Amino acid sequence: MLITLCYIYLWMRFQRHYTAVIRSALHRLSSGQSSFTFCALKPERTDLPREHALFLRLGDRVIYITEPQVCVDLSKWTLLGSSLICGRRIESVAFIIQATSRQNVPASPYRTEEKVLNWSDYCVPLAYSPGQPYRAIAEASLDNFSRLGVAFMEDRLHMGNGLVPEKIVSVLLRETALRELFEQQQDGRRIEAEPTERRDSPQLPQEEPELPSEHQHMDGHHLHLSSCHECRELENSTILSVKFASVENIPDLPDDYATADEEEEERGRRISGGKPPNVLVFTGGCEEQFQKIRSLLVECVDTDRYAIYHLRPQQALSEPWLDNTLLLVLATDQTLTPQLQLRFLSYLSRGGKLLGLSSSLCPAGLTLRPRDTQSDRICSLTFTKSDSTELQLSVLSSGSVFERDGASGGDVELWGEISAQDEREMAIVRVTHGVDSGEAVLCQVRLETAPDAQGSAGFSELKMSNARRYEVLTEILTSLGLSCELSQVPPHSPVYLLSTDTEQAGRFLCWLRAQAGDSGGVLRSAAGGLKVVWAGDEPPDLCEGECVLHTEPPESFSEHFSLQTYRQHLQTQRLGRTVLYADITSSTMDLLHGMMLQSPQEVGLIAIAARQTQGKGRGGNAWLSPLGCAMFTLHLQLPVDSRLGQRIPFLQHLAALAVVESVRTLPGYEDVDLRLKWPNDIYYSNLMKLGGVLVNSTVTGHTFSLLIGCGFNVSNSNPTVCINDLVLQQNLDTLAPDQLIARSVTLLERFVSDFQLRGPQALLPLYYSRWVHSGTRVRLWSEDGPEAEVVGLDENGFLQVRTGEQVVSVQPDGNSFDMLRNLVVTKTS
């Protein structure tokens, strides 16, 4: 009795989990020398195979595990599309499915309520043998083969045309079998075609008409030749797919369908367009390329609204992603196999949106032509924006261009052209495809490729166009329905009080305790209220616009700033010794603005942030402040009657010089081409700005209270240029923002001291050796203004220019230097 109960228990448990058992067995035995047969037993059949061959029986459905079945002779089969034999097929399972045309077939008692599977959505049909029984040979991924097998066992596998599947057998398909079949049929053998009967036809006709075309049309199957109008129409009208896959599971869809909770969550994340916010990136399986494309997209689109996934080749052919993708990005220049081309065109036919980046995909109406020049050569691109304005930029060529082929298809719009000698070639096009007006923007210039600092050929030219490259990308992504607006401004993070000097930290804490005690524990600044939290206190409730100032930070307070690195490179007597650090704040200038008149000078207060939400530049301009940018504001007091106090404009020159020298005084980094542009900019050579300085001053009695704000790109390579780009060009170790901030503050303290002792001549020779203007001839005020030659700085720090015999000083306040046009121009708001 006990043995019987145990048997019943094991049988019930096994039956309940037969789906997992089938899939597990297929994965475990697929690499061995075995074949799998899914078979429906006929009612009159009473014999069963040998016990060791039977793996599982479910009602009238059984699974055999047998010796390997070899499919060699295809001489009497009909090939489904000659193009399908071209190219390398993905690693997959070949199988033969057998079906008969029967009516009024009773449903299996084991049929589940799961969704019916259309067999051709989970495989690529290759050839068929008409008649009774109907047989077709196809390929599928191992996961999809298991899905087909489970659906067969549960009597929910659909074939159409009144066909009822009776058997599925995995086979070993000889590599040359399909090619030999193709060659035989090309030699003039009569090609038999399967009738294109309506899907609801009760049975197959006995006669099969001959088709004059080179390839066959099979209703219900994903077959397509781009030159065939009938195939395109058939594809548009018959493709079906499993819908509503869970958003979270797009990269690796589970064996079973999403739960009700997952479906509800997925529906909740849908956007107004009706599709989940999934952006799928196909790179031919290259993980490194996917990471590059993902980083590019993150910099262009609102990442709070979209999920970016890697679509791998087998998933592209098998997983039900077509109806759950907002945008498909093809970012591989490998030749797409016919199966993949068909899959991607099917997605477009359903109204999908696609961005091709150097991809070989070509919908009807277009062909690709190799250019005479090699790929990855710099070329000049003219891109037309939606407002009809044109952008000129330098980009890398993919090595191919588009041509119209005259075939009937969707509309083709020219968006971008490459200039080639006396002609222009199509490089960016917009194409509509399919009855549902799928939209593709296809590019044959490498908009996905950032300038490579280590491949120095053309680096400067490409970097000069890098911001326009992003402008083109965002224009294209916006046209495809994505939001490229800035993400919601992140909330400000806590502020931490850090110190490299115990004595100075003690002074600041005493001052802070007095200030906080008089204001209810809150310090007011332009950034909002700072609620002081002393060691051991519980975190307080915050009002709107307030954030916490921790006087004793935890050991690990930020992944973006290392106090140890900062302390190691800070060699000052006073400046920068007391730090207010925040991962995210409005601006470091705002953080100190309310304290500049009250805080004690001897503590050397500095505010540092990893990211600013409202960074400011000169003249009220915005300063973009992403991660990787070194950003700080330093508090400095100077006597009005001191040498530098009498020449305050020099202070911004000293601060900018300190940043340049923080890199160029490092051993081995002397030739990193950092330079200075009047009045307050830090440049790469004379090409691109990578930083700047802003000085705000207030006079109280006989003392200047100064806030020196500085921001410069260290490791944020895009969208313009950063210091580490230049460092990598020389195969040097990269530098960190906290390291260079400390070195800049150290050098600034030294420069201020030297200036106070010896005046401008103490530093002007070094300054002139780094600036970009020596001997430059400029126009003053406008392109028609008087021509002048730059001489240098006058005794107050103003720019001196010579016009004829006269030397004129140009004050920095309200003026700037236009490097592109060699103009000294008046700044306007």
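Q: What share of the protein chain's contacts with a separation of 6 or more comes from residues 24 or more positions apart?
A: Those pairs account for 69% of them, where a contact means heavy atoms within 4.5 Å. A word on the source: this is a predicted model, in which local features need pLDDT of at least 70 and side-chain atom pairs count only at pLDDT 80 or more, while totals for chains, interfaces and linings use all residues. Residues are numbered from 1 along each chain as its sequence is written, and side-chain values use heavy atoms, with hydrogens and water left out.

Q: What makes a stretch count as one of the helices or strands of the protein chain?
A: Helices are DSSP runs of H or I with at least four residues, strands are runs of E with at least two, and both are numbered from the N terminus. The protein chain has 18 helices and 39 strands.

Q: Why is L396 called buried?
A: Buried means under 20% relative accessible area, exposed means over 50%, and partly exposed lies in between (1.4 Å probe, protein chains only). L396 has 16% relative accessibility, so it counts as buried. This residue sits in strand β18, and its contacts beyond four places in sequence include I378, V445 and L462. The C-alpha atoms of L396 and V445 are 5.8 Å apart, although 49 residues separate the two along the chain.

Q: Why does R468 count as partly exposed?
A: The relative accessibility of R468 is 30%, which is why it counts as partly exposed. R468 belongs to helix α11 and, leaving out residues up to four places away in sequence, touches L391, Q392 and L393.

Q: How do you know that β17 and β18 pair?
A: Two strands pair if DSSP finds at least two bridges between them. Strands β17 (residues 378–384) and β18 have 7 bridges, in the antiparallel sense. In one of these pairings, T384 has E390 of β18 as its bridge partner. The hairpin of β17 and β18 has 5 residues between the strands, and there S388 takes a positive phi near 75°.

Q: What makes α7 roughly perpendicular to α11?
A: Helices α7 (residues 287–300) and α11 (residues 466–479) pack at an angle of about 80°, with their axes 10 Å apart. That angle makes α7 roughly perpendicular to α11. Angles under 35 degrees count as roughly parallel, over 145 as roughly antiparallel, 65 to 115 as roughly perpendicular and the rest as oblique. The axes are lines fitted to C-alpha atoms, for helices over the stretch in contact, and angles run from 0 to 180 degrees between N-to-C directions.

Q: Which residues make the contact of α7 with α11?
A: From α7 come L296, L297, E299 and C300, and from α11 come R469, Y470, L473, T474 and L477.

Q: Why is strand β33 described as largely enclosed?
A: Of the 11 residues of β33 (residues 703–713), 10 are buried, so the strand is largely enclosed by the rest of the structure. β33 pairs in the antiparallel sense with β29 (residues 629–639) over 11 bridges and, also in the antiparallel sense, with β32 (residues 688–700) over 10 bridges. G711 in β33 stands opposite M631 and also opposite G692.

Q: How do you know that α3 is mostly covered?
A: In α3, 11 of the 12 residues are buried, among them F145, R147 and F152. Just after α3, D155 takes a positive phi of about 60°.
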